[in-house]
Amino acid sequence: EFLVVNLDTGELAGKVTGLKRDHGVALVPALGRGFISDGDAAQIVVFDLKTFKTLGQIKGEQDADSIIYDPSSKRVFVFNGDPNSATVIDPSTEKVVATLPLGGAPEQAVADGKGMIYDNLEDKNEVIAIDSHTMKIKSRFPVAPGAQPVSMAMDRGTRRLFIGCRNPKVLIE
């Protein structure tokens, strides 16, 4: 189950059910839709943001994990751990437009809002930068002395990435 909580009251506003192993959610308010990555079902569940009812499923990859909406390209990116790939979805048509090989096991991703997406490759100890419009990897950089990068946040004002590693270290790039 995916729970929706009203932050003003602390009350449960709704649920999205029927999931096997949900990992994350990407919201596209302009379309009134949300997208949930379901790793065990190898799919992305589409739901209505007002009613929380499931609208459909999109075939994805096994271990569908981190999921984000990129406002610059207006695409949803789903990062798939075991296949070492990213599934790119057009949320207006709910169709897969590309599957990108990443060359490593992706973890957390962030979009800079200007057309670049950054993602940790845990097994390669690096971060990749993906151009969200061309859907191509533009660069790779190591996270040394960190190892096994798994979490990430971005301060868009300073254009800094905060990368959490399992060894444990936090890097600021």
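Reader: Is arginine 159 buried, partly exposed or exposed?
Author: Arginine 159 is partly exposed, at 38% relative accessibility. Buried here means under 20% relative accessible area, exposed means over 50%, and partly exposed lies in between (1.4 Å probe, protein chains only). This is a predicted model, where local features need pLDDT of at least 70 and side-chain atom pairs count only at pLDDT 80 or more, while totals for chains, interfaces and linings use all residues. Residues are numbered from 1 along each chain as its sequence is written, and side-chain values use heavy atoms, with hydrogens and water left out.

Reader: Which residue forms a salt bridge with arginine 159?
Author: Aspartate 112 does, with the closest N and O atoms 3.1 Å apart. A salt bridge here is a side-chain nitrogen of Lys or Arg within 4 Å of a carboxyl oxygen of Asp or Glu. Aspartate 112 sits in the loop between β11 and β12 and arginine 159 in the loop between β15 (149-155) and β16 (160-165), so the pair ties together parts 47 residues apart in sequence. Strands are DSSP runs (E, at least two residues), numbered from the N terminus.

Reader: And aspartate 112, buried or exposed?
Author: Aspartate 112 is buried, with a relative accessible area of 5%.

Reader: How many salt bridges does the structure hold?
Author: Seven. One of them joins glutamate 122 and arginine 166, whose closest N and O atoms are 2.4 Å apart. Glutamate 122 is in the loop between β12 and β13, and arginine 166 in the loop between β16 and β17 (169-172), 44 residues away. There is also a network: Arg21, Asp40 and Asp63 are joined by salt bridges that share partners.

Reader: Nice. Switching topic, what is in the largest nonpolar core?
Author: That core has 15 residues, and Ile68, Phe77, Phe79, Leu100, Leu102, Ile117 and Ile130 have the most contacts inside it. At least two residues come from each of β8 (75-80), β9 (85-90), β10 (95-101), β11 (106-111), β12 (116-121) and β13 (126-131). A nonpolar core is a set of buried Ala, Val, Leu, Ile, Met, Phe, Trp, Tyr and Cys residues joined through side-chain atoms within 4.5 Å.

Reader: What is phenylalanine 77 in contact with?
Author: Leaving aside neighbours within four places in sequence, its contacts (heavy atoms within 4.5 Å) include Ile68, Val88, Leu100 and Ile117. Ser66, Asp70, Thr87 and Ser132 are among them too.

Reader: How many residues of β4 are buried?
Author: Six of the six residues in β4 (33-38). Arg33, Phe35 and Ser37 point one way, and Gly34, Ile36 and Asp38 the other. In a regular strand the side chains alternate between the two faces of the sheet.

Reader: Which strand does β4 pair with, for one?
Author: β3 (22-28), antiparallel, over six bridges; two strands pair if DSSP finds at least two bridges between them. Glycine 24 is bridged to serine 37 there. Four residues separate β3 and β4 in their hairpin, and glycine 32 in the turn has a positive phi of about 70°. β4 also runs antiparallel to β5 (43-48), with six bridges.

Reader: Last one: which element has the lowest mean pLDDT?
Author: β17, at 61, whereas β9 has the highest at 98. pLDDT is the predictor's confidence in each residue, from 0 to 100. For the chain the mean is 93, and 97% of residues reach 70 or more. Where pLDDT is low, the predicted coordinates should not be read in detail.
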